[in-house]
Amino acid sequence: MATANEERVTRTFLELVRIDSPTFQEQAICRRLAADLAALGLPVENDGTGPDGVGNLIARVDGGPGLPIALSAHFDTVQPGQDIEPVISGGIVRSAGDTILGSDDKAGVAAILEALQVLKEAGLPHPPLEIVLTWGEERAHLGAAAVDVSKLKSKVCFVPDAEGDVGTIIAAAPSYESISAVFHGTAAHAGMKPEDGRSAILAAARAISRTPLGRLDAETTCNVGLIGGGSVRNAVPARATVDAEARSLDDAKLDRVLSDLREHWEAAAAEVGCTVEISTKREYRAYRLAEDDFRMTLARDGAALAGVPFKAISTGGGSDANTLSERGLPSACLSAAMRQPHTRDEHVATADLKRLADYLLGIIAAAARVK
């Protein structure tokens, strides 16, 4: 089997991470990737579902016998993601400045582009392929949620977008619930008539103190990420806000966490004479792969063909694979070899960028053998 070119895939990756693309600011990277796909001789569609001309990029590669598959990665990043300057030392790519690197998920994007280049150069047999590059993944998978999967012919999609060793498939990923609350109290002068006030911040604090946070069990987590409130230091605050999340591989457990949270927060507000409005949204749903699931089979066979160790794990993080699966395209997330994503210590090995492209080529080769 022809293999990827480490120098080329690294060069592509370095070029991509230098292009600013925080969520909702993906115009430049979207244009660049559309041009890259067109340069490979592929028809490219921008579905226009994002802001200011940004959209999911869909490209199709005609193929021969086998199982039609899709490869997908997202091109937006988290902050701080402007003016990224990557540096290589000892075969490891890091950010030179006080920013993320952007391997989440430009490592996946670069590996997909490299795999396509190898297919073209070597004339390797492959089934029909679809490439789905998405915007807005870092904001609850907005791009993937907008993909019209009814227009896709693929039977399965692989999404290289997880931390860890190449050859790893995410066999289970959680449902995710966003939680927003507004506590309403009564304003009063904090020094002259504090007894006339009802502190919304106190209500929020009591609510949070009664909420189990962190890892609740092997499958379930809960976190309060943002709090706010008040207007001035010398007034009893009439309003406070709390933004939280809960995740679980088990939807029944997640529903219990939400039910308990609502009960605790409403009781805490009432105790101090306040009220609370709580809104929740299921941002995406869990998926879990059985050992004999065809996604597992293809990923395992592809690892063998690429010569990388195969491993199946569960995770507490979500990806476009959750949303695409929920929308009707069976998908699975793969490790993209990134390390410490969403931090200033994020890094990736150049050898792993090549290894990831080789793994995708292995999966494509395995799909070509399906009858």
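Reader: Where is the place of Asp-83?

Author: Asp-83 lies in the loop between β3 and β4. Helices and strands here are DSSP runs, numbered from the N terminus (helices: H or I, at least four residues; strands: E, at least two). This is a predicted model, in which local features need pLDDT of at least 70 and side-chain atom pairs count only at pLDDT 80 or more, while totals for chains, interfaces and linings use all residues. Residues are numbered from 1 along each chain as its sequence is written, and side-chain values use heavy atoms, with hydrogens and water left out.

Reader: Why is Asp-83 called exposed?

Author: Its relative accessible area is 66%. Exposed means over 50%, buried means under 20%, and partly exposed is in between (1.4 Å probe, protein chains only). Asp-83 is therefore exposed. Asp-83 also has a positive phi of about 55°, although it is not a glycine.

Reader: Why does His-141 count as buried?

Author: The relative accessibility of His-141 is 3%, so it counts as buried. His-141 is in the loop between β6 and α4 (142–146). The phi of His-141 is near 60°, a positive value in a residue other than glycine.

Reader: What is omega for the peptide bond that joins Gln-79 and Pro-80?

Author: Omega is about -5°, and the bond is cis. Pro-80 is in the loop between β3 (69–74) and β4 (86–89). The peptide bond from Asp-104 to Asp-105 is also cis, with omega near 10°, and Asp-105 is found in helix α3.

Reader: How do you know that the span of helix α2 agrees with its 13 residues?

Author: The expected span of a helix is 1.5 Å times one less than its number of residues. For residues 27–39 that should be 18 Å, and the end C-alpha atoms of α2 are 19 Å apart, which agrees. Its buried residues are Gln-27, Ile-29, Cys-30, Leu-33, Asp-36 and Leu-37. The elements that cover them include α1 (6–17), β1 (44–46), β2 (57–61), α3 (103–122) and β6 (129–134). α2 is followed by Gly-41, whose phi is positive, near 85°.

Reader: Why is Thr-12 called buried?

Author: The relative accessible area of Thr-12 is 16%, so Thr-12 is buried. The residue is in helix α1. Leaving aside neighbours within four places in sequence, Thr-12 is in contact (heavy atoms within 4.5 Å) with Ala-110 and Leu-113.

Reader: How many aromatic pairs does the structure hold?

Author: There are 2 aromatic pairs. Tyr-176 and Tyr-284 form one that is stacked.

Reader: What makes the pair of Tyr-176 and Tyr-284 stacked?

Author: Rings of Phe, Tyr and Trp (its six-membered ring) pair if their centres lie within 6.5 Å; planes under 30 degrees apart count as stacked, over 60 as edge-to-face and the rest as tilted. Tyr-176 and Tyr-284 are 5.3 Å apart, centre to centre, with 20° between the planes, so they are a stacked pair. Tyr-176 and Tyr-284 are both buried.

Reader: Why is the pair of Phe-183 and Trp-265 called tilted?

Author: The ring centres are 6.1 Å apart and the planes are at 45°, so the pair is tilted. This pair also links distant parts of the chain: Phe-183 is in strand β9 and Trp-265 in helix α6 (residues 251–271), 82 residues apart. Phe-183 has 0% relative accessibility and counts as buried; Trp-265, at 0%, counts as buried too.

Reader: Why does Ala-269 count as buried?

Author: The relative accessibility of Ala-269 is 0%, so Ala-269 counts as buried. Ala-269 lies in helix α6. Apart from neighbours within four places in sequence, Ala-269 is in contact with Phe-183, Ala-203, Cys-274, Thr-275 and Val-276.

Reader: How do you know that the charged end of Arg-295 sits over the ring of Phe-294?

Author: A charge sits over a ring if NZ of Lys or CZ of Arg is within 6 Å of the ring centre and within 35 degrees of the ring normal. The charged end of Arg-295 is 6.0 Å from the centre of the Phe-294 ring and sits over that ring.
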